[in-house]
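Work through the exercises below with the structure open. Each task is followed by a stepwise solution.

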Amino acid sequence: MRQTIQDSRTAWGRLGVTVLAGTIGNVGMWSVIVALPMMAADFGLERAESSALFAATMIGFAIGNVVTGRMLDRQGLVPTLVLAGLLTGLGHIVTGFAPNAWVAGVAQVAVGLGTAGCFSPLMADISHWFRRRRGIAVSIAASANYLAGIVWPLLLTLWVPQMGWGRAYALTGLLILLLLPGLIWLLRRPLPAEARSTEAGSEGHRALPIPQRRFLVMLSLAGVACCVAMSMPQVHIVALCMDLGFGPAVGAEMLSLMLAGGVVSRLIGGAISDRIGGLGTLLLFGSLQMMALFLYLPFDGLISLYIVSLIFGLSQGGIVPAYAVIVREYMPAAVAGANVGIVMMATILGMALGGWLSGAIHDLTGSYAAAFLNGIVWNAANVGIVLWLLSRGGRLHFTPRSGKAAASA
C-alpha cells in the first residue's frame with residue numbers, strides 16, 4: 001500500500017517550519033501596535049488619527065489575504081512567501097525612517113500586504129497536508145500569528161529605549177529579510193499527491209445550509225463582526241495602560257499575555273473543531289469572547305487587567321482558525337487559498353474598523369468604556385449570524401470525527 005504524506009511525520013515537520021515562518025512574517029500586525037503611541041507623539045497625531053496608521057496596516061493585510069490567497073492557488077507557496085517577506089521587511093524599514101505620517105501610512109499598507117502572505121496562505125497550504133487532524137493543524141499554523149504577538153512586542157520594548165522606535169522598526173524589517181529565506185527554502189516541497197488528486201472535486205464536504213456564495217458572504221460578515229470586537233483590547237491595550245498611568249511597557253506585557261492565552265485557545269479550538277466542526281467551534285469561542293469583553297468594564301487595576309487580558313486571550317484565540325476550517329469543510333480544495341483569503345480579509349477589515357472606531361469613540365467620550373460596549377454589540381451580531389447558519393434546516397453535522405469519518409472531512 002502506498003504510504004500517504006498527509007498526517008505523516010513529513011506533514012508535522014512542515015507544520016513546524018510553517019509556525020516558524022508565520023512567527024517571523026506576522027510581525028506586521030503587532031509592531032505597529034507597540035509603536036503607535038510613539039508614532040502619534042512624533043507625528044503630532046490625535047488618538048483617532050494614529051489609529052488610522054493601524055487601520056492602514058489592516059487594510060493592506062485585508063487586501064493581501066485575497067491577493068496572496070489567489071497567488072497561492074495559482075503559483076504555489078514559495079513565490080507567495082518571497083513577495084510577502086520583501087514587502088514586510090522593506091515596509092518596516094521605510095516606516096522606521098518615514099519623515100511624516102503620510103509616508104508611514106503608505107509603508108504600513110505594504111507591511112500589511114506582506115504580513116498577509118504569511119497568514120492565510122500558510123493556513124491554506126497546511127490544510128492540504130492533513131485530513132484526519134486538519135483542525136488542529138490549521139489552528140497550530142494560525143497560532144504563529146499570536147506567537148509573533150508574544151515575541152515581537154517584547155523585543156521592541158527592549159530595543160525602543162536603546163535606539164528609538166524608528167530604528168527599532170527598521171531593525172525589525174532587516175531581520176525579516178535575513179530570517180525568512182531559509183524557512184522558505186524548507187517549504188519548497190510541492191503538495192502531496194493525494195491532496196493534488198482531490199483538488200478538482202469534493203473531499204467529502206458537509207452539505208451547505210445555503211447557496212455557496214451566500215454562505216461565503218454570511219461567513220465574511222460574521223468575521224467582520226467578531227473582529228471589530230476582538231480589536232478593542234488587542235489594538236488599544238497599550239494606550240489604555242498609558243491612560244491609566246501604567247506605561248507602554250506594561251501594556252506590551254499585557255498584550256503578550258493576551259496573545260499567549262490566544263495560542264492556548266487556538267490549540268484547544270483546533271482539537272474541538274476536529275470533533276464538532278468549524279461552525280460549532282466558532283459559536284463556542286465567539287460566545288466566550290463576548291463574555292470576556294464584559295470583564296473589562298468593571299476592572300481597571302493593574303493586577304485585574306493582567307488577569308482579564310489573559311481571560312480574553314483564552315476566550316478568543318479559537319475564533320479565526322475556525323473560519324479556515326469551515327472553508328475547508330464546505331468548499332473545494334482547489335480554491336482553498338482564495339476562499340480562506342476572502343474570509344480572512346473580512347476578519348482583518350473588522351480589526352481595522354474596530355481599531356479606528358475604538359479610537360474615535362475614545363476621543364468623543366474621553367474613555368474606553370463606550371468602546372468596549374460597542375465591541376460587545378458587534379460580538380453579539382457575530383453570534384447571531386452563526387446561530388442563523390446553524391438553524392438552517394438542521395443540515396450541519398456535529399458528530400465526533402474519528403476513523404473513516406475524520407479521513408473524509
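**Exercise 1.** At what angle do helix H2 and helix H7 pack, and how far apart are their axes?

*Solution.* The model is predicted. Step one: locate the helices. H2 spans residues 28–43 and H7 spans residues 134–186. Step two: read the geometry. The angle is about 30°, and the axes lie 6 Å apart. Step three: classify. Angles under 35 degrees count as roughly parallel, so H2 and H7 are roughly parallel to each other. Step four: assign the hand. H2 and H7 cross in a right-handed sense.

**Exercise 2.** Which residues make the contact between H2 and H7? Sort the contact by class.

*Solution.* Step one: take the H2 side. Among its residues are Met-29, Trp-30, Val-34, Met-38 and Phe-43. Step two: take the H7 side, including Tyr-146, Pro-153, Leu-156, Trp-165 and Tyr-169. Step three: sort. The contact has 15 nonpolar, 4 polar and 1 charged residues.

**Exercise 3.** Is Ser-139 buried or exposed? List what Ser-139 touches.

*Solution.* Step two: apply the cut-off. Buried means under 20% relative accessible area. Ser-139 has 2% relative accessibility, so it counts as buried. Step three: list the partners. Leaving out residues up to four places away in sequence, they are Arg-266, Gly-269, Gly-270 and Pro-321.

**Exercise 4.** Which residues have the most contacts inside the largest nonpolar core?

*Solution.* Step one: size the core, at 117 residues. Step two: name the residues. They are Phe-215 and Tyr-323. Step three: find the main contributor. H7 gives the most to this core, with 19 residues.

Conventions: Residues numbered from 1 in each chain as written. Predicted model: local features only at pLDDT ≥ 70, side-chain atom pairs only at ≥ 80, totals over all residues. Heavy atoms only, no water. Axes fitted to C-alpha atoms, helices over the stretch in contact; angles between N-to-C directions. Helix = DSSP H or I, 4+ residues; strand = E, 2+ residues; numbered from the N terminus. Parallel < 35°, antiparallel > 145°, perpendicular 65-115°, else oblique. Left-handed = near helix turned anticlockwise from the far one by under 90°. Contact = heavy atoms within 4.5 Å. Nonpolar A, V, L, I, M, F, W, Y, C, P; charged D, E, K, R; others polar. Core = buried A, V, L, I, M, F, W, Y, C linked by side-chain atoms within 4.5 Å. Buried < 20%, exposed > 50% of the residue type's maximum accessible area, 1.4 Å probe, protein only.
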